[in-house]
Amino acid sequence: MSETIRVGLGERAYDIVIGSGVRALAAELTGRRNFLVTDSRVSELWGAWARETVPQAGWFEFPAGEQSKTPDTVIAICRRAAELQFDRQARFVALGGGVVGDMTGFAAAIYMRGVGFVQVPTTLLAMVDSSVGGKTGVDIPEGKNLVGAFHQPEQVLIDPDFLSTLPPEEIRCGLAEILKTGVILDEALFAALEREPETLRDGRNPERFVPLIRRSCELKAQVVAADERESGIRALLNYGHTFGHAVELLSDFRISHGEGVAIGMCCAGELAVRLGRWSRAEAERQKRAIAALGLATQLPRHCSVPAMLEAMHRDKKNRGGAVTLVLPKRIGEAETVRTVPDSEIASALEVLYD
Ligand SMILES: NC(=O)c1ccc[n+]([C@@H]2O[C@H](COP(=O)([O-])OP(=O)(O)OC[C@H]3O[C@@H](n4cnc5c(N)ncnc54)[C@H](O)[C@@H]3O)[C@@H](O)[C@H]2O)c1
Ligand SMILES: [Zn+2]
């Protein structure tokens, strides 16, 4: 049983196929030479399956973790592809989480000025967010995702069975992104997470995640089709991210992306209430939902107010000028707010330390 969601982008349109067992479709990636890219952890767990199933003419593997998400790794991917004589017809296959997907997509965007690629996400975060939409890139010491390109995949194959090996802390990161999508676009999705948080905390019975993945992908597909290059509505998907990226950066990425986003949503929520844009009751509801999923709701001490502000101003969306933030209006609707004064941000952050 599988379902298909179309990302309507004209000549760059593509399908997202979702369902238990969908990974078997990777065997049908024939007709062109495939270059499979993955990380060390996914390779340990799913490498044997991939070697057997995905027809491939090359393989590249890098050490798992955000620390690998660098220009050097992307160049290493490209050099390996060149060594194996992949040409313009190459198809890169990203098997892994957001780190694998973002870097494989970026390598595909620049190798020979662009080759096709397919996403086979293996983390919940990648299934509900990063594998769809064509944002690719790497981190540099000056900031996360500062170097990259828009490059849409040709297909996204989402098989929830990969979640069976995913540690609970990684499941939680994906739940944070789903909750984010709920807060900005869909109260029903938010409520679905609220309803049974404890049964979603690990990857057992991956089937349970299918409705959440489907809805998240549907919403993301709509947003991307309406605003591929983020000149408008797509920016809403950054809810919680400006704060979140700052937290990630200030903790040298020991706090993961999803965890950062959860904390970031609490920061944005508190700020929205203080600015009179959101009700205290709904902000508390958001906080309870985040906590029930086992995610952090408070700022770690090492993320001081001045350090947070400085990191937020360095975030790529805020180059030059005041910080632009996404703030909720109600659960299911959010807006972009420009020129929020630093003093307001500071006083919201003050009350969020543990
Ligand atoms: N492009 C976008 O639109 C977009 C959106 C959101 C996030 N991102 C990016 O995604 C990245 C985070 O993605 P992530 O959370 O998937 O991180 P990740 O790719 O590092 O995966 C997390 C960990 O889980 C392991 N793993 C992956 N699949 C597994 C499985 N099935 N079983 C067991 N372990 C498995 C990985 O090896 C890694 O150690 C960040 O770099 C973020 O910037 C991009
Ligand atoms: Zn994110």
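Colleague: Which residue caps the N-terminal end of helix 1?

Modeller: Keep in mind that this is a predicted model. At the start of helix 1 (residues 40-53), a side-chain oxygen lies 3.1 Å from the backbone nitrogen of Arg41.

Colleague: Where does helix 1 bend?

Modeller: Helix 1 has 14 residues and reaches 18 Å from its first C-alpha to its last, close to the 20 Å expected. Even so, helix 1 bends by about 75°. The residue at the bend is among the buried ones of the helix, and it's Trp46.

Colleague: Which strands do the buried residues of helix 1 pack against?

Modeller: That buried set includes Val42, Trp49 and Ala50. Its packing partners are strand 3 (34-39), strand 4 (58-62) and strand 5 (91-96).

Colleague: Over to the zinc ion (ligand 2): how many residues apart in sequence are the parts that His241 and His257 tie together?

Modeller: The zinc ion is coordinated by Glu177 (OE), His241 (NE2) and His257 (NE2), at 1.9 to 2.1 Å. The donors follow the spacing E-x63-H-x15-H along the chain. Since His241 lies in helix 8 and His257 in helix 9, the pair ties together parts that are apart in sequence by 16 residues.

Colleague: Are those two histidines buried or exposed?

Modeller: Here the cut-off for relative accessible area is under 20%. His241 and His257 are both buried.

Note on methods:
Residues numbered from 1 in each chain as written. Chains lettered and ligands numbered in written order. Predicted model: local features only at pLDDT ≥ 70, side-chain atom pairs only at ≥ 80, totals over all residues. Heavy atoms only, no water. Donors = N, O, S within 2.8 Å, 3.2 Å for Na, K, Ca; no water. Helix = DSSP H or I, 4+ residues; strand = E, 2+ residues; numbered from the N terminus. Buried < 20%, exposed > 50% of the residue type's maximum accessible area, 1.4 Å probe, protein only. Expected span 1.5 Å × (residues − 1). Bend = angle between axes of the 7 residues up to and from the residue. Contact = heavy atoms within 4.5 Å. Polar contact = N/O pair within 3.5 Å; in protein donor to acceptor, adjacent residues only side chain to side chain.
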